[in-house]
Amino acid sequence: VLRVIDPQVATNVDLKDIRLVKKVGGTIDDTELIDGLVLAQNVIKSAGGPTRIEKAKIAFIQFQLSPPKPDMENQIVVNDYRQMDRILKEERQYLLNMCKQIKKTGCNVLLIQKSILRDAVNELSLHFLSKLKIMAIKDIEHKLGYADLIEESDSAGASVVKVTGMKSTGKTVSVIVHGANHLVLEEAERSLHDALCVIRCLVKRRALIAGGGAPEIEVSKRLLDYAKTLKGMEQYCFQSFAEALEIIPTTLAENAGLNPIVIVTELRNRHSKGEKTAGINVRKGTISNILEENVVQPLLVSTSAIELAAETVKMVMKIDDI
């Protein structure tokens, strides 16, 4: 996240600037961060074209390097070998002219957009590109300009194309996620996305509070104390809101395999004694000073959850006309 924002002035993070590329092979420990763009597509090297280009000048084309086809499906019947030879020469000249025009621009890396009408490239155009020392990659959706280095490399048994040293106004980083199978990859991607969202919360509001259910129990305790000063329906509403907040430490205890009744009761008791940072220590299965365990969470996560829950209840009550 710090690679794509200026920490001094940033108030938000666009997670689209952080590209996650999943590749089967290796383990999660092989996951790596690339300061640039990683393409899941491989370099087309069937014609012997280059797989590494320094000081790359990149062209992104939205047309295809293959013979044109009519809009309607037609058949051409050739009964003379000279006509056949002429067709092949015309096709060769057509593709050669296109490749020469591309080379004239100074391009040495060609990104070809995916087409549903016909093949993006054919073997003849790849042969010409190889002779002109132009790297070709097809089925691309990104537009790039200049890069210090583009190369196809092996990452834990999987081939990827790394684009580094891009000279553009935006900043982009990529994470190559590795896993033994698709299930592991999907879970690793979800975990990484959750972690990125947590950091984005910190960028939006730079404040941390204790975790482990400590803030929820403390807020619940304060609300219950305030409810004792009220009467009637208002008192009942404050008590219910306070009890609802206890569902978070209760769920945390259940997910950790602990007895939720014992844990929440002990947690409530510790907070009543003034231990504001007492929380559920999942590793030890007890209540401890959660700040000493370095268990913290962004303030925005807790405030957003409480605000959303309160607004949802308010909306439901309005619908039911209660």
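Predicted model: local features only at pLDDT ≥ 70, side-chain atom pairs only at ≥ 80, totals over all residues.
Me: Is N294 buried or exposed?
Reply: The cut-off for exposed is over 50% relative accessible area. N294 has 67% relative accessibility, so it counts as exposed.

Me: K55 is not a glycine; about how many degrees is its positive phi?
Reply: K55 sits in strand β4 (residues 52-61). At 61% relative accessibility, K55 is exposed. Its phi is positive, at about 50 degrees.

Me: Is S288 buried or exposed?
Reply: S288 belongs to strand β12 (residues 286-289). Buried means under 20% relative accessible area. S288 has 13% relative accessibility, so it counts as buried.

Me: With which side chain does the side chain of S288 make a polar contact?
Reply: Leaving out residues up to four places away in sequence, S288 touches R270, T277, A278, G279, N281 and E293. A side-chain to side-chain polar contact, at 3.1 Å, joins S288 to N281.

Me: With the side chain of which residue does the side chain of N281 make a polar contact of 3.4 Å?
Reply: N281 is in strand β11. At 4% relative accessibility, N281 is buried. Beyond four places in sequence, its contacts are T286, S288, I290 and E293. The 3.4 Å polar contact between side chains is with E293.

Me: How far apart are the end C-alpha atoms of helix α7?
Reply: Helix α7 covers residues 260-272, which is 13 residues. At 1.5 Å a residue, these should span 18 Å. The model agrees, because the end C-alpha atoms are apart by 18 Å.

Me: Within what arc do the buried residues of α7 fall, seen down its axis?
Reply: The buried residues of α7 are P260, I263, V264, L267, R270 and H271. Seen down the axis, they line one face of the helix, because they fall within an arc of 125 degrees.

Me: Which residues are exposed on the other side of α7?
Reply: An α-helix has 3.6 residues a turn, so residues three or four places apart point the same way. The buried residues of α7 are covered by elements including α4 (214-227), α6 (247-255), β11 (278-281) and β12. On the other side of α7, the exposed residues are I261 and V262.

Me: Which residue has a side-chain oxygen that reaches the backbone nitrogen of I261 at the start of α7?
Reply: Just after α7, G274 has a positive phi of about 95 degrees. At the start of α7, the backbone nitrogen of I261 has a side-chain oxygen within 3.1 Å. That oxygen belongs to N259.

Me: How far is the C-alpha atom of N181 from that of G26?
Reply: N181 is partly exposed, with a relative accessible area of 35%. N181 and G26 are 155 residues apart along the chain. Their C-alpha atoms are separated by 9.3 Å.

Me: What covers the buried residues of α3?
Reply: Those buried residues are L185, A188, L196, C197, C201 and V203. Their cover includes β1 (18-24), β9, β13 and α8 (299-319).

Me: What is the radius of gyration of the protein chain?
Reply: The protein chain has eight helices and 13 strands. For 322 residues the globule rule gives 20 Å. The chain is more spread out than a compact globule, because its radius of gyration is 30 Å.

Me: What does the C-alpha trace of the protein chain span along its principal axes?
Reply: Of the 322 residues, 35% count as buried. Among contacts with a separation of 6 or more, 74% join residues 24 or more positions apart. Along the principal axes the trace spans about 100 × 45 × 40 Å.

Note on methods: Residues numbered from 1 in each chain as written. Heavy atoms only, no water. Helix = DSSP H or I, 4+ residues; strand = E, 2+ residues; numbered from the N terminus. Buried < 20%, exposed > 50% of the residue type's maximum accessible area, 1.4 Å probe, protein only. Polar contact = N/O pair within 3.5 Å; in protein donor to acceptor, adjacent residues only side chain to side chain. Contact = heavy atoms within 4.5 Å. Expected span 1.5 Å × (residues − 1). Arc of directions from axis to C-beta. Rg over C-alpha atoms; globule rule 2.2 N^0.38 Å.
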